[in-house]
Amino acid sequence: MSQPPPRRWRLSRRGFLIGAGVVGGGLALGATLGLPALRLVLADAFEGAAPPTIVTTDPLLWFDIAPDGRVRLAVPKTEMGQGIHTALAQIAAEELELAWEQIEVVQSGSLGPVTDNFGTNASNSVSSLFAPLRETAATLRELLRAEAAERLGVAPAALSAAAGAFFVTAEPQRRLSYGELATGAAAREVPAEPPPLKPGAAWTLIGASLPRVDLPAKIRGAATYGYDARVEGMLFGAVARPPSLGATLRRAAPGDAATRPGVVAVVIERDFAGVVAESRSAAASAVRALDVEWIEQPPLQQEQIDALVRAAPGRGVAVQRVGDAAAVLRGAGVITAEYRTPMAAHAHLEPQAALVDVRPDRVRAWVSTQYAAGTAQAIARALGRNPRSVEVIPTYLGGGFGRRMVSEVAVEAARLSAAAGRPVHVGWSRAEEFQHGFVRPPTHHVLRAVLGPGGRIAAIEHSQASGDVIFPFVPAPVGAFFGADFGAWRGARITYAVPNITVTSERVPLPIPTGAWRGLGLLANIFAIESFIDELAHAAGADPLAFRIAHAGDDERGRRLRTVLAEVAARSDWGGPVPAGRARGLACAMDAGTVVAHVAEVSRTTEGGIRVHRVWAAVDPGLPINPDGVAAQTEGNICMGLSSVLFERLSVRNGRFAADNFGAYPLLSIRDAPAIEVAVLRSGDVPYGVGEPPMGPIGAAVANAVFALTGERMRELPLMGGHSNSPPP
């Protein structure tokens, strides 16, 4: 993992950091943005800290050109299989006029060279960095152009750039590489005016399906994940876990743990008990020999949770209000339906893992994390250190899905390392992963509508209730201000052109740890809304596709929605012949600026189950930076969504989550995966999020296909009934 470069830079009038690079006096240029700094200020204020008097000038992006011409792009976003490093490299190389093989992406840690106080989440990595990355690259390009013009004795306009070099347009043999220009350019002032950006018509890298930059190391087995992190002299740690949900530590003593083979240290603190040993198995064995006593709550049952999560019209916080839906819904002909979604586990391929080395003067941590800066702050708080003395180095992630925005495993490893005086690795077992993380909250939805003349929706109301998604991780004043968890109502608003709309979201505090799961509330809300739209289309006697197109609206969003629906209809031959025993269902969504539509083709198995044979998808992310990457993200969303839609349900039995491994929590298998065809559309020159939006419509598409096949409305996930999560022994 690369070390942060020395920060020998100066701040330009336009807010760029310019100065010497990391290698032999090359050129470095970083971009500072106002928004991360403002987020930091707000976070400090919400936590009760004194208002900072100095706003950080740490850059969010950093280019480095070495004298040999190598160009490195330091990025704060973590690579967890979504291809983000590739997409960002394409944007940078495009604006810098580099050949694809001339750019290298460097993952930044919490101490730099760049920082991100937001984390990698919410499908916003490309969309949030697209503009500043282009402007920074273009500024760097113009610095190099000015240096080249002076050294070649021509006007800047007489130069052209290609493959990491400037040359005189009329005399191509007269050229200087970026490496040759770097040192001189580092002494120049950043242009006062923003440079011109490369027009979209001239792009050759943006919009191309270039190969992933992270794949070679992964294919060779050379990529480091948190579970793989190793340093010389390290030990392994294990932590005593509560036996039931809500239990807290009353008392702990070493017991027989210290006498177990391989044990190096037993760590007992006020709210924490753990063991450090020479091997992971020795630590796991010894931690069971600790003498611990817990304060437990009355055993919780699933039925108690179900009773708590119940939406009702008139309750909750309004998150959308158009016209007067209540007045229309007081009349006759109201159509009503209720939907439910269950708790779900993150079920990563890689369980939580971290390696932490606590020294007297500094802390270094290698963590599978989506949020390096937040993890560093958590470690610093736990150890009573200055956050600037804690460096978190993100490794590759074996799945994020929101779970790794919180890295309690890093804090555990830090506490054990601080006590043992040596680096300590903590890697959760699969059972710990299921039992001691946080889960996707259950939801309940009540939808009501009235159809007017011509079968159009006259009014629609969506009342939604959910456990917390974002609120457990933000300061209490934020929750009090918003009233309803904005993660829970993601996707809950009605995007169709209806004259009267009311959407409310009700926060339901639950006695279980809930939080972010891929797409937050998107899957649950779109399942309810798009299933209900299908019910309304049926009630109106309309084709589901035509019904949606008729309600798509006349604005830009409506135009994009109609285009996507038309594309997926053409690809799937909507309305055409369907193989015997099968039927097709349709659903769509708008999320994070991206428009998605799915058609699912299903049949019933002889055992009464649901077989999804094919899924057609049309995705409009605005500007697809890497169409192959967009298609891969869509395929991943469909498979993960189908797994949740068909199979996944995590229950609580006798005060515990009723699954310790995949035997009690099966996922979609390769055998169950459908054939998937993805159409990637371009509707502009601005990219929107792709990491989560394609998951939204898949549940409703399948449920609507089942209705088309059988006439049965399925209003609760998982559609296959899910596993019973047999009670633990």
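Helices (H or I, at least four residues) and strands (E, at least two) are DSSP runs, numbered from the N terminus. The model is predicted, so local features need pLDDT of at least 70 and side-chain atom pairs count only at pLDDT 80 or more, while totals for chains, interfaces and linings use all residues. Residues are numbered from 1 along each chain as its sequence is written, and side-chain values use heavy atoms, with hydrogens and water left out.

**View 1. Leu520 in the loop between strand E23 and helix H13.** Strand E23 covers 501–507 and helix H13 covers 522–540. Leu520 is a residue other than glycine, yet its phi is positive, near 55°. Most residues other than glycine have a negative phi, and most peptide bonds are trans.

**View 2. The loop between strand E6 (103–107) and helix H3 (125–152), with Pro113.** Gly112 and Pro113 are joined by a cis peptide bond with omega of about 15°. Ser123 is found in this loop too. Ser123 is not a glycine, but its phi is positive, about 60°. Ser123 counts as buried (under 20% relative accessible area; exposed is over 50% and partly exposed lies in between, with a 1.4 Å probe and protein chains only) because its relative accessibility is 14%.

**View 3. The segment after helix H17 (698–710), with Pro718.** The peptide bond from Leu717 to Pro718 is cis, and its omega is near -5°.

**View 4. The hairpin of strands E24 and E25.** Strand E25 spans residues 594–604 and pairs with E24 in the antiparallel sense over 10 bridges; two strands pair if DSSP finds at least two bridges between them. Ala583 stands opposite Val602 in E25. The hairpin has 2 residues between its strands, and Ala592 in the turn has a positive phi of about 55°.

**View 5. The largest nonpolar core, with 94 residues.** The residues that touch the most other members are Ile460, Ile512, Ile610, Leu646, Val702 and Leu719. Helix H13 gives the most to this core, with 8 residues. A second, separate core has 53 residues, including Ala89, Leu129, Leu143 and Ala186. A nonpolar core is a set of buried Ala, Val, Leu, Ile, Met, Phe, Trp, Tyr and Cys residues joined through side-chain atoms within 4.5 Å. In soluble globular proteins, nonpolar side chains tend to be buried together.
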